[in-house]
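Dear colleague,

Please find the structure below, handed over for your study. My notes on it follow.

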Amino acid sequence: MESPDFFLYLESNQSFTEKSLIGANQTKKKKEKIKKLKKSSPKVGVLEYNEHKADGVSPKKCTPTGNEKKDANKPPLLYCKFIANYPWCAFFLASSFHLTIIIATVCLVCTGYNLFPIEFKTMPLILNEDNTRTQDYAWRGKDSYSGKLWRPVTGAIQPAYYNGFVGDLVEVFLEVPNYDIFSRENLQLIRDAEERMFNIQYYQIFFCYVASGTECHKPSSVLRLFDGTFNSSSATFYDPTFSNIHGVLCEATEHNATKDYVKYFIEQGLDLCDGILRSSKTRFFYKLGWPLRGSDDSGKLENFLVSSVKPEMENIRDNLMSGKMSLYYISTVLFEYDVVIQALNDMLLAVGSFLFILVFMWFQTASFWITFLGIFSILTSFLLTNLIYRCVLGYEYFGFFHVISMFIILGIGADDVFIFYDTWRLTGHTIYPSKAHRLSDCYRKAAKTTFVTSLTTMTAFLVSGLSPLLPVCSFGIFSGILVFVNYLCDLLYFPTVIMLYSQKVKPFWDKMCGPCIQKCKKKKSKTSSEKQDDTISMNLSKFDIDIRKKPSTPFANRPESGNSLRSDILNTAMTPRTKSNFEDRSKIVLFLRNGFYDFITHRAVRIIVPLLFLGASSFFMWSASKLEPDSQQLQIYKATHNYARASRMHYYSFERSFEEEYSSVYLTWGIQRKDFSSCNFKSATFCGGVARWDDTFDPNTPEAQIALKNLCNRLETMSAEEADSLRIKRNAITDKLEIACFTSPYETYLQNKIDANGSVFPAGLSMNLPINAGNVSTFMDAQSSIYYPSVLLPSDFDHHMGIGVSYWLSDSYTGNPTDDYYLYNGLLGEQTIDGTTQRARNSANMYYASKLKYIGIRINTTLNVYKLGYPEGKPVYQRWEKLMAEELMKMPDTMKNGFQCTKNTWNWIKVQESLADSAVQGVIVGLGLALPILILTTLNVVIGFLATVTIGLVTACVIGIIPLAGWKLGVLESLNMCMVVGLSVDYVVHLAEAYATCPSPDRMDRVRNMLESMGLSVLSGAVTTFGAASFMLFSQIQFQYQFGIFVMSTISISLFFSFFAFTTFMSLCGPQGNTGSLVAFGKWLKSKCSSNNGEQPSSSSFGDQRTTIAIGIDTKPAVDPTEMSRSTSRVNSSHNSERLRL
């Protein structure tokens, strides 16, 4: 009897089996079919076509070797053994775990627990614990102390209680294509639009802005210059028929009452007196009052804007102005309402991604069971991740980026399913002792492959989790956990699905519906290959080799020994297999194995392709070097959306107030940095922190007063070069630096008062800094109408500077609102002193004898908050820090704790720097981890290095696309750069591992096997990820839209590099035999150690010359030709004996 190895050889060598067992007629038909395939394509689809034009190598399919047999006979994993023995029980246990996750989620939501803390209204890009933030909010909360001494003024207009403040401002932008926005026809059209909005129902009754009077304010616009609103200033400002448009607008720019008003409604840089008036844009403001009568002011205001104002504006745009003028609008309340609705609507696009992946997976697997439960596992992994993210880690933020993770996991999860299922199908070509052995082998291989891709992707996301920015950090942590949880769910759940499907579901389906389906197929067509298979089945029926028939001997009686012919035959029958004829395999696999392989390994192609890829990568590297940080405001909507257009016009087309557009620097004393230790930085909810003050602060000492005076003198008289380096703004009229330092105006005011009232004050009295108790007492006693005798003050009273400040800012306690009051009232804070502070005699609500709580100096700068990038702003920030440090060194101990700050500007610069650092860190960490991971995965240094080089080139190309697309390094681009390595590594890893695990020692055999075994899985994974991301292109939210483009670009470039660049690299310099192998290197070291210890190395220790040559070079063929000849002779002898026996 022949050896069982003979039948294994029949399994792996289709051509010999056919020649031995198929009659002459079938052989002839097969040759005719091969001839036809050769005719249609001289290389594609022919298994035995071995000619290779490049170098004469004869690549063949990798056949099973001793290593594969060893893998097949490894002891099965306990989990796989349990699944194989109890498929129903294992399936229900795994399914129960997934159902428990769903039930827990539903229960928490029903109980009112905020399981999905959605926050789409804001994007908290803030460095909460940075000094720039704590100092900024310390200055903002400077007046939150007890005993605050307020300085009332008289004669100022007080707003009405109801509707006296602006509750919301609707900004309406109007644009025409022909630069005649101020023509008579267009002004009349604008007037009609304003009247329709002004007459909206209930607006004038409940919601209009009334300021200090009782009449509703009309919308603020250029039309107020024509309707008589400013008629009291000039008769020119009454032109209801628009007969003198140029004259009115020109005079408005020159008249004091209107020149500051009109600039808000004309484009920047427009000259209204040039006689041309070529302008395409204008705007008007529609104001809503606050507080409203009754309760729930915010709810009423939002409902009115959404249900009445917005529909009317859209009606005006679509009907009144259709074809004549474009209308865009923006409002804080409307924006916050609409952005939440839009984000929720864009989340529904994930349904489209879900359906696409469902259909594609169903098509690829040909099983609804596999497809449905695979996606079910992906969705439950998302819910489990959210439970961990929300309940365990305690994050209370779910923003725009978290929505993106839904699209990401659909593609990644589908890729894992494809890898596992394709690995299961590929194990059908190997004989295993039992089902548990087969499942264990599949489990080990699939787990290893998906672990590498999941680890690199998870690492890329977790790198983002190191960011101090909440949206970036929380997204990185959430997505990293999501990838890991999906990997675990895939390993724990999908094996039960596959085993139950192969043992129970598929046989039941075949039994119930198989005959009908087979009958329909036979009626439709009966190909020659099917006839050939029927003939093979009849000839082999008595041996039970046909995989579609049950074995003639029960499995219970199957021998355990692998040396029995009966055992091998039964194993063959037990193992479900796909047809191995190349005619019946996937056309894509055939193309990759033959046509694409022949193309990519052609000598000319192997020279040209690397040069092309290196050249393209060099260009994209140059482009990546041009990447600049994005200093503009964060854009939520796509550029074509109404809010995006309106926001762009607001920031970059029209004039804005100085406070809105430019930044001011504050030098302050008496306040300590805010304490944010009690804040929850895992939530987007605003936390103001705890205010703190400097108890050592005392500006009343002579040394402190002199230091302050010297600082003010230095700032006001600094050189032009230093002022420019600090970006200090100069007044356009006086050409002086705009610095609000109180010492000079304080001294000037008091000295003028003393000089003007010489009969009241004693001669020689001076209140210039530094002041002391003597001249302050004289100053108080001289004004008995204001102060009580100074002797009534406590003997230890030393807050003399506060008395002069109160006198100055209250205008001698008259309460007149002077210019100094408006400029310095917010820079000097006073606090009452119990038992000391007294009410002024000439006032009912003004006090003196208080202490200065804080002091501030304001410096206006030319730093544009909407255009300032960190490369430009960081040096300025550092210069201000240096200046403040130098001045503090000169001050006494009571003034050592001062600091400088801005409102958001310095923090925004730090945010930009953090985004850039995160992007660079993500790329470095990703590539740095990719190399060791790939080396350990493939156990080959050369393969790992070439794979890492390919990934690096992909990364360079993707980053180079960012500036080419017109984007800058913003928050989304930073995230993309962190993830590019994780997303691009998947396909290269699959191909690299397929190359490394091919048993053949020949390079070309490995390349062919790499394309054949993993090419389809790589394509399938790329299609699912690409398809899932394509639905994000329909999103109106800029983040999702831009991320969709990024993912699609990354997948396309990665796939292109994997199949062309990496395959070419492997065909040129891929390792052969044990070249670069860590295993062979380890055995070589072991043999060396054994020889050094005087031991004789065994034959299996790889100590021979062929395998112990340096890891980089092969000097001899992997298989000895003499031994190969002897083996072939033995096999041929076995074949001849089997022919005679059959």
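Asn-680 belongs to the loop that joins strand 5 (671-675) to strand 6 (690-693); strands (E, at least two residues) and helices (H or I, at least four) are DSSP runs numbered from the N terminus. The model is a predicted one, in which local features need pLDDT of at least 70 and side-chain atom pairs count only at pLDDT 80 or more, while totals for chains, interfaces and linings use all residues. Residues are numbered from 1 along each chain as its sequence is written, and side-chain values use heavy atoms, with hydrogens and water left out.

With a relative accessible area of 35%, Asn-680 is partly exposed, a class that lies between buried (under 20%) and exposed (over 50%), using a 1.4 Å probe and protein chains only. A polar atom of the Asn-680 side chain is 3.1 Å from the backbone nitrogen of Lys-682. Gly-394 is 286 residues away from Asn-680 along the chain, yet their C-alpha atoms are separated by 9.5 Å.

Ser-974 sits in helix 34 (residues 971-997). Is this residue buried or exposed? Ser-974 is buried, as its relative accessible area is 2%. Its side chain has a polar atom 2.8 Å from the backbone oxygen of Leu-915. Leaving aside residues up to four places away in sequence, Ser-974 touches Leu-915, Ser-918, Ala-919 and Leu-969, where contact means heavy atoms within 4.5 Å.

Finally, Leu-1078 lies in helix 37 (residues 1078-1092) and is partly exposed, at 30% relative accessibility.

Yours sincerely

Technical notes: A polar contact is a pair of N or O atoms within 3.5 Å; within protein, one must be able to donate a hydrogen and the other to accept it, and residues adjacent in sequence count only if both atoms are side-chain atoms.
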